[in-house]
Amino acid sequence: MAMGVYNPAAPMILPVREDRRYRSRKPRQVPQNNAVVLYMMDVSGSMGDEQKEIVRTEAFWIDTWLRSQYKKVETRYIVHDASAKEVDRDTFYSIKESGGTKISSAYLLCDELIKKSFNPSEWNVYPFHFSDGDNWGSEDTKKCVDLLRGEVLPRVNVFCYGQVKSAYGSGQFKKDLDGAFPGHGMVITSEIRDKAGIYDSIKEFLGKGK
């Protein structure tokens with residue numbers, strides 16, 4: 001029509017096909033390391049049934065989230081009072097125990113397991129420790145800080161400490177960790193006041209995607 005040659009009695013349209021290439025998305029699996037989660041739970045006398053139930057519920061949902069992100073997830077379970085021991089999953093979810101509290105015993109065992117079985121070049125390592133914040137004393141807390149700084153943190157993606165509110169726990173240990181590692185991106189602490197606080201605690205731990 002612009003050229004003045006359009007004949008309405010014999011209309012003819014010649015579309016010009018552009019050379020286009022259409023591509024559909026093809027899912028591609030990106031290789032990634034495996035993950036190991038080390039759950040440490042204080043089972044001393046000040047950790048009551050309610051506190052342990054909060055820890056177990058949070059551990060279950062952390063496990064569920066990590067399994068959605070990694071093809072293979074290993075779990076290890078450590079319980080401690082004045083001493084620490086590795087247990088199986090069933091024991092972790094049912095153990096009672098009582099006694100004093102020596103947190104460094106759990107960190108020593110955690111460090112031993114990582115060195116023995118989980119090379120950081122092959123594994124993403126996630127230690128989670130749950131307690132009501134009571135510890136043997138300032139000397140043991142200093143030992144915990146030294147273990148984290150010198151041994152554990154260089155080998156893990158992130159270290160998470162969840163403090164469960166207890167009528168018998170002082171809650172001091174979280175303050176000590178926050179004071180020892182201010183603004184440290186690999187040490188995340190969370191206060192879990194009750195079951196309603198579990199979701200926010202998990203977001204604090206895993207929200208940075210480490």
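Predicted model: local features only at pLDDT ≥ 70, side-chain atom pairs only at ≥ 80, totals over all residues.
**Stop 1: two helices.** Select residues 49-69, which form helix α1, and residues 198-206, which form helix α6. The axes of these helices come within 10 Å and cross at roughly 45°. Angles under 35 degrees count as roughly parallel and 65 to 115 as roughly perpendicular, so α1 is oblique to α6. The crossing of α1 and α6 is right-handed.

**Stop 2: the residues between them.** Which residues of α1 meet α6? On the α1 side, select Ile54, Thr57, Glu58, Trp61, Ile62 and Trp65.

Stop 3: Select Cys144 next. Is Cys144 buried or exposed? Cys144 has a relative accessible area of 0%, so it is buried. Now select Cys160, which also counts as buried because its relative accessibility is 1%. A disulfide is a covalent bond between the sulfur atoms of two cysteines. How many disulfides does a search of the whole structure find? The search finds 0.

**Stop 4: a loop residue.** Move to the loop between α2 (89-92) and α3 (103-117), and select Glu97 there. Most residues other than glycine have a negative phi. Glu97 is not a glycine, yet its phi is positive, at about 65°.

Methods:
Residues numbered from 1 in each chain as written. Heavy atoms only, no water. Axes fitted to C-alpha atoms, helices over the stretch in contact; angles between N-to-C directions. Helix = DSSP H or I, 4+ residues; strand = E, 2+ residues; numbered from the N terminus. Parallel < 35°, antiparallel > 145°, perpendicular 65-115°, else oblique. Left-handed = near helix turned anticlockwise from the far one by under 90°. Contact = heavy atoms within 4.5 Å. Disulfide = S-S within 2.5 Å. Buried < 20%, exposed > 50% of the residue type's maximum accessible area, 1.4 Å probe, protein only.
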